[in-house]
Amino acid sequence: MIAYIPARKGSKRIKNKNILKIGKQPLIEIVVRKLNKLSFIKKIFVSTDCHLIKKISEDCGAVCCDLRKKSLAGDKVTFMDLIKYDLPRYCEFANENNVLFTLATAVLIEEKILNNAFKQFSNKKPDILMSCEENSHPIWWSMRKKKSGYLEPIFKNKLYKNSQFLDKTYIDSGMFYFFNLKKIKKYKSHKSAKKILPFKLDFENRCDLNTPEDLKLLKYKFKDFKND
């Protein structure tokens, strides 16, 4: 299995977020060094359009190959665009189709979490194992605003059920994914795969880094994580 980390230069809301320093290390360096400790990973690839990110990544043990194409480095490039048009070159380089796709900002993910996720992926063989968080409030009671300005329930048939009788729901935490490239690239979205195996993350191990507020939360969590 290979590890693949997408780490482009551009980021509108948090500038250069993939190499921001936390605990005196760039985020991507922290992630690469953790991946280096995993026995099931035979090579770590970082896909970037930036020479600085390339240098930082290679200095701590990753392989970058050629810089990513500009057409695949914009803010409109999707998860599936990378899987279909960027990831294959790394899989071909390593002659490997099993992939751990992880974010450069996933610094709160401990090695034991990835080891446990790998075991589940290996045993159950889903189309994709997705790091997830369980919705704390039933989405079945969600409401939307009508043109009139008033609210209406989205799931009217669920209104009269107590929460304990409603199905649990999950959302993509955006931290990491395990999959086989040949299996997943046939889908239009990774979320439309037939066999999605959820791997639930605790609150302290997840932080999708998109806003300055997210960064503050990540710093608080990382500090506690280091002190445990």
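Leaving aside its neighbours within four places in sequence, which residues is Leu114 in contact with? Leu114 is in contact (heavy atoms within 4.5 Å) with Leu35, Leu38, Phe40, Leu100, Ile109, Phe176 and Phe178. The model is predicted, with local features needing pLDDT of at least 70 and side-chain atom pairs counting only at pLDDT 80 or more, while totals for chains, interfaces and linings use all residues. Residues are numbered from 1 along each chain as its sequence is written, and side-chain values use heavy atoms, with hydrogens and water left out.

Leu114 lies in helix H5; helices (H or I, at least four residues) and strands (E, at least two) are DSSP runs, numbered from the N terminus. Leu114 has 5% relative accessibility and therefore counts as buried, a term for residues under 20% relative accessible area with a 1.4 Å probe and protein chains only. Beyond its own neighbours within four places in sequence, Leu35 is in contact with Ala3, Ile5, Ile41, Ile44, Leu100, Thr102 and Leu114.

Leu35 also belongs to the largest nonpolar core, which has 46 residues. Such a core is a set of buried Ala, Val, Leu, Ile, Met, Phe, Trp, Tyr and Cys residues joined through side-chain atoms within 4.5 Å. Those touching the most other members are Ile5, Ile28, Leu35, Val46, Leu100, Phe176 and Phe178. Among the elements giving two or more residues to this core are strand E1 (2-6), H1, helix H5 (111-124) and strand E9 (170-180). H1 provides the largest share, 6 residues. A second, separate core has 22 residues, including Ile2, Met80, Leu87 and Cys91.

Strand E5 (residues 98-102) has 4 of its 5 residues buried, so E5 is largely enclosed by the rest of the structure. Strands pair if DSSP finds at least two bridges between them. E5 pairs with E1 in the parallel sense over 3 bridges, and Ile2 stands opposite Val99 in E5. E5 and E9 pair in the antiparallel sense over 5 bridges, with Phe101 opposite Tyr177 in E9.

Definitions and conventions:
Buried means under 20% relative accessible area, exposed over 50%, partly exposed in between (1.4 Å probe, protein chains only).
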